[in-house]
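Please keep the sequence and the model open alongside the text.

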Amino acid sequence: MQDRGSLPAGERKVRLRFAPSPTGLLHIGNARTALYNWLFARHTGGIFILRIEDTDVQRSAPEFVETILNSLHWLGLDWDEGPDVGGPCGPYFQSQRKPLYQEHVERLLKEGKAYFCYCEPGQAPKPGKPHPCRDYTPKEIKALKTQGLKPVIRFKTPMGEQIRFHDRLRGDVDFLSEEVGDFSIMKEDGSPLYNFSVVVDDHAMGITHVFRGEDHLSNTPKQLLLYRAFGYEPPEFLHLPLIHGEDGTPLSKRHGATSVEAYRARGYLPSALFNFLALLGWSPGSEREFFSREELIQAFQLERLHHSPARFSLKKLNWMNGKYIRQMPRQEFESALCKVLQKGGLLQSPAQESLIPRIAPLFLERIETFGEIAEKADFFFQEVKIPPTLQKKYLSNPHIPVIFQQVLEVLNLIEPFIREKIEPALRQLVSDSGLKTQEVFQPLRVAITGKDASPPLFDCMEILGKEKVLRRIRTAIPY
RNA sequence: GCCCUCGUCGUCUAACGGUCAGGACACCACUCUUUCAAGGUGGCAACGGGGGUUCGACUCCCCCCGAGGGCGCCA
């Protein structure tokens, strides 16, 4: 572990980091924070670092590290230094950096800038007046120690000071040191607390820019105090607005999927989610809204970041994802289709798999996410079960048995069984029968697909083949 | 309660003292059409409120209101 705080002059590159804590899946808001950090690093030719903030052993779990890394990779982000790729400032797990924290805390203790606090957990008084544990004499401390009380180490915030910092997005922000209070920096067992470990690590890793959620805005004065206490130069700070749900409240489970993992599972394209997220809180300044990752890197500017929280609009994401799907190269779309159908248990045989190239064009314009496909295309791979409501609405009219019988006769004669021959034949039949096209085609659609909305009927018939089509029509005739 | 941040159509946003306040999603029509989509055309729709500054304010200042964040031995 080396100290990179003062980088050699030749290495004055911009260095940014994303520092998730592995206590859950990667939240969509954190993903956007990561994305902006990454975009800025790439835009400026800087370094992007991934650091795992797993100091809270109670809440952290290794499996979350893995899914977070996966989510990030899936989105299309990469990092120059991090837990899996290593780097000159490692280790990149905070849980493996204890000696560095220890060393720093001892420094503060020795210089009288920190002290032991023996308050009951959660019982420390709110900021406003001097903390009662501040001025214990060594004798008192010894006495408290013999009582077996576990102390926490607190930073001794100087009183009566105005702490000002420049937020890259919001301008100057002022806090009074009284309001900040003496915050805890390390537990008795030596595990560092957030405000302390970020400062130690951001400095040790030579971080030049800290872009993080606005929920950290009021942590910044604490961290600044620490930078000053250590004599370190603080990085530049920029606090991003949070992402809200459609109703304007903070994005939560209640709003549906909140993790990147969930969007992946629901069949969203990473490039679409990336594009959408980039535009949620940032604007290129033009009216253009489709960008590749490379184009985003090129266009990204801090000045065009928004100040207010944005609401996550699933409808717009869906629309954008649909657009991306329609732009997919044919091969890619087919193999994506294949994958979801397989997952949905619909592909049982090579014969069924060979259908993919034929049904692909039918669904390209009909899905916005791959999650929809299984439900819409199931009739190509398994027998249909007609819902009672559709049965009643389309198949219970008295003319159905008669016309279906005629349809069977007509279709039976068609050879080859292709759309170009099916369509004119059936249209002729309908016209001869005196019925409206809808009165025949909709019931047929229901009989063949089990749905009242499907890709074009005659294409479906051709792909299914004469045998299946005739059988389905026959079994749908009510007796 | 204390502190901090934010405020343009329902939503994402453009505007950087002078525009009929523009675009996109959604929504509604129309079109295409065997259904559903996709596509095309058109429409509805916003500067939170009140004071200033200015010849002129969405743009600058103040107050109010509203929303969000923080005040952990979480991050």
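In which loop does P91 lie? P91 lies in the loop between α2 (62–75) and α3 (98–110), and this placement, like everything that follows, is read from a predicted model.

## Two cis peptide bonds

The bond that joins G90 and P91 is a cis peptide bond, with omega at about -5°. A cis peptide bond also joins E415 and P416, where omega is about -5°, and P416 is found in the loop between α17 (399–413) and α18 (419–433). As background, most peptide bonds are trans.

## Overall form of chain A

Chain A has 21 helices and eleven strands. Its radius of gyration is 32 Å, well over the 23 Å that the globule rule gives for 479 residues, so chain A is more spread out than a compact globule. Along the principal axes, the C-alpha trace of chain A spans about 105 × 50 × 40 Å.

Buried residues account for 31% of the 479 residues in chain A. When contacts in chain A between residues at least 6 apart in sequence are considered, 75% of them join residues at least 24 apart.

## Nonpolar cores

The largest nonpolar core has 79 residues, and those with the most contacts inside it are A31, L35, L273 and L277. Helix α1 (residues 28–43) gives this core its largest share, nine residues. If neighbours within four places in sequence are left aside, L35 is in contact with L77, F274, L277 and A278.

Apart from this core lies another, of 18 residues, which includes F155, F183, I185 and F196.

## Strand pairing

Strand β3 (residues 114–117) and strand β4 (residues 152–155) run antiparallel and are joined by four bridges; within this pairing, the bridge partner of A114 in β4 is F155. β4 also pairs with strand β7 (residues 184–186), again in the antiparallel sense, over two bridges, and here R154 stands opposite S184 in β7.

A hairpin joins β5 to β6 through three residues. Strand β5 (residues 162–167) pairs with β6 in the antiparallel sense over six bridges, and the bridge partner of H166 in β6 is D172. Is β6 buried, or does it lie in the open? Of the six residues of β6 the number buried is zero, so this strand lies largely in the open.

## The surface near RNA strand B

RNA strand B is surrounded by 64 residues, of which the closest are E53, Y194, S308, A453 and P456. Several elements each supply at least two residues of the surface near RNA strand B, namely β6 (171–176), β11 (310–311), α11 (314–326), α19 (437–449) and α20 (457–464). By residue type, the surface near RNA strand B divides into 23 nonpolar, 20 polar and 21 charged residues.

M320 is found in helix α11, one of the elements that supply at least two residues of the surface near RNA strand B. With 22 C-beta neighbours inside 10 Å, M320 counts as buried, because the cut-off for a buried residue is 20 or more. Leaving aside neighbours within four places in sequence, M320 is in contact with A272, N275 and F276. The C-alpha atoms of M320 and G465, which are 145 residues apart along the chain, are separated by 35 Å.

T220 lies in helix α7 (residues 220–230) and counts as buried, with 21 C-beta neighbours inside 10 Å. Not counting residues up to four places away in sequence, T220 touches F165 and F237, and F165 falls within the residue range of strand β5 (residues 162–167). T220 and V173 are 47 residues apart in sequence, and their C-alpha atoms are 9.8 Å apart in space. By contrast with T220, which counts as buried, K343 is partly exposed, with 13 other C-beta atoms within 10 Å. K343 has its place in helix α12 (residues 330–343), and its C-alpha atom is separated by 9.0 Å from that of A374, a residue 31 places away along the chain.

Notes:
Residues are numbered from 1 along each chain as its sequence is written. Chains are lettered from A and ligands numbered from 1 in the order in which they are written. This is a predicted model: local features need pLDDT of at least 70, side-chain atom pairs count only at pLDDT 80 or more; totals for chains, interfaces and linings use all residues. A residue is near a molecule or strand if its C-beta atom, placed from the backbone, lies within 6 Å of it. Ala, Val, Leu, Ile, Met, Phe, Trp, Tyr, Cys and Pro count as nonpolar, Asp, Glu, Lys and Arg as charged, and the others, Gly among them, as polar. The radius of gyration is taken over C-alpha atoms; the globule rule is 2.2 Å times the number of residues to the power 0.38. A residue is buried if 20 or more other C-beta atoms lie within 10 Å of its own, exposed if 12 or fewer, and partly exposed in between; C-beta atoms are placed from the backbone. Two residues are in contact if their C-beta atoms, placed from the backbone, lie within 7 Å. A nonpolar core is a set of buried Ala, Val, Leu, Ile, Met, Phe, Trp, Tyr and Cys residues joined through C-beta atoms within 7 Å. Two strands pair if DSSP finds at least two bridges between them.
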